[in-house]
Amino acid sequence: MRKIYIVEDDEDIREIVEYALQSVGFETISFECGEGFFSALTAEIPDLIVLDIMLPSDDGLTILKKLRDNPRTKKLPVILLTAKSSEFDKVKGLDLGADDYLTKPFSILELISRINAVLRRSGGEHEQEKQLEYGSILIDNNRREVTVTGEIIDLTSKEYELLHFLMLNKELALNRSKIIEEVWGYDFEGESRTLDMHIHSLRQKLGAAGDMIITIRNVGYRLGV
């Protein structure tokens, strides 16, 4: 059974989300602040976290940054919940490594759908592809590890998923909307900037191999010739 941690200070929302997720077969543990949440993480890492941004003490973005800075939790899928709706907040959360984003008020059915989508992506929707290799780049899906000429490359969860999608579709021109749909899982007004920033970061981290990620003007990106 997949386990989900819910970090939400609003008791009503927390109880509704927890009940809904349990009703569709998830095991849940909920927290009203980051302190209890981090204590629980030391004992067990869940399959996914639903994280509110507006929290007492450390806010959700601060908690997300701590998760991404910790080797044990840097790949852990996170869906953000917030009452904020500005593009800046969305971009900030995604750039820190959030896997998805929902603005309150939200539909419980939509939350469940997005949780399932994120779990499919993070759990290896293409599990039959144990390894993907192109040029000097090797992806090991079992380890969720990327190497270039044998050297391990430190990628965020979203950078990993982006590279994984490019590798699955190597040498094919991919438009921006298709990449966003497959990697982020939803339409987002700031998608062009967010995608470009992740591509730029990915190229830098891959070093010389990053030159294989080619910009297709007015279309999107392609990995390889």
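Reader: Hi! Which order do the strands of the open sheet come in, and how are they paired?
Author: In this predicted model, the open sheet is built from 4 strands in the order 6-7-8-9, and the pairing is antiparallel.

Reader: Nice. And which are the edge strands?
Author: Those are strand 6 (131–134) and strand 9 (151–153), each of which pairs on one side only.

Reader: How far are neighbouring strands turned against each other?
Author: On average by 25 degrees, ignoring direction.

Reader: Let's zoom in on strand 7 and strand 8. How many bridges join them?
Author: There are 4 bridges between strand 7 (residues 137–140) and strand 8 (residues 145–148), and the two run antiparallel.

Reader: What stands opposite L138 there?
Author: L138 faces T147 in strand 8.

Reader: Which strands does helix 6 lie across?
Author: Helix 6 (residues 157–168) lies across strand 6, strand 7 and strand 8, and its direction is at about 110 degrees to strand 7.

Reader: Switching to helices, thanks! At what angle do helix 1 and helix 5 pack?
Author: Helix 1 (residues 11–23) and helix 5 (residues 108–122) pack at about 60 degrees, and their axes are 11 Å apart. The two helices are therefore oblique to each other.

Reader: Is that crossing left-handed or right-handed?
Author: The crossing of helix 1 and helix 5 is right-handed.

Reader: Great, and which residues make the contact?
Author: Helix 1 contributes I16, V17, A20 and L21, while helix 5 brings I108, L111, I112 and I115.

Terms used. Residues numbered from 1 in each chain as written. Predicted model: local features only at pLDDT ≥ 70, side-chain atom pairs only at ≥ 80, totals over all residues. Heavy atoms only, no water. Axes fitted to C-alpha atoms, helices over the stretch in contact; angles between N-to-C directions. Parallel < 35°, antiparallel > 145°, perpendicular 65-115°, else oblique. Left-handed = near helix turned anticlockwise from the far one by under 90°. Contact = heavy atoms within 4.5 Å. Pairing = 2+ DSSP bridges.
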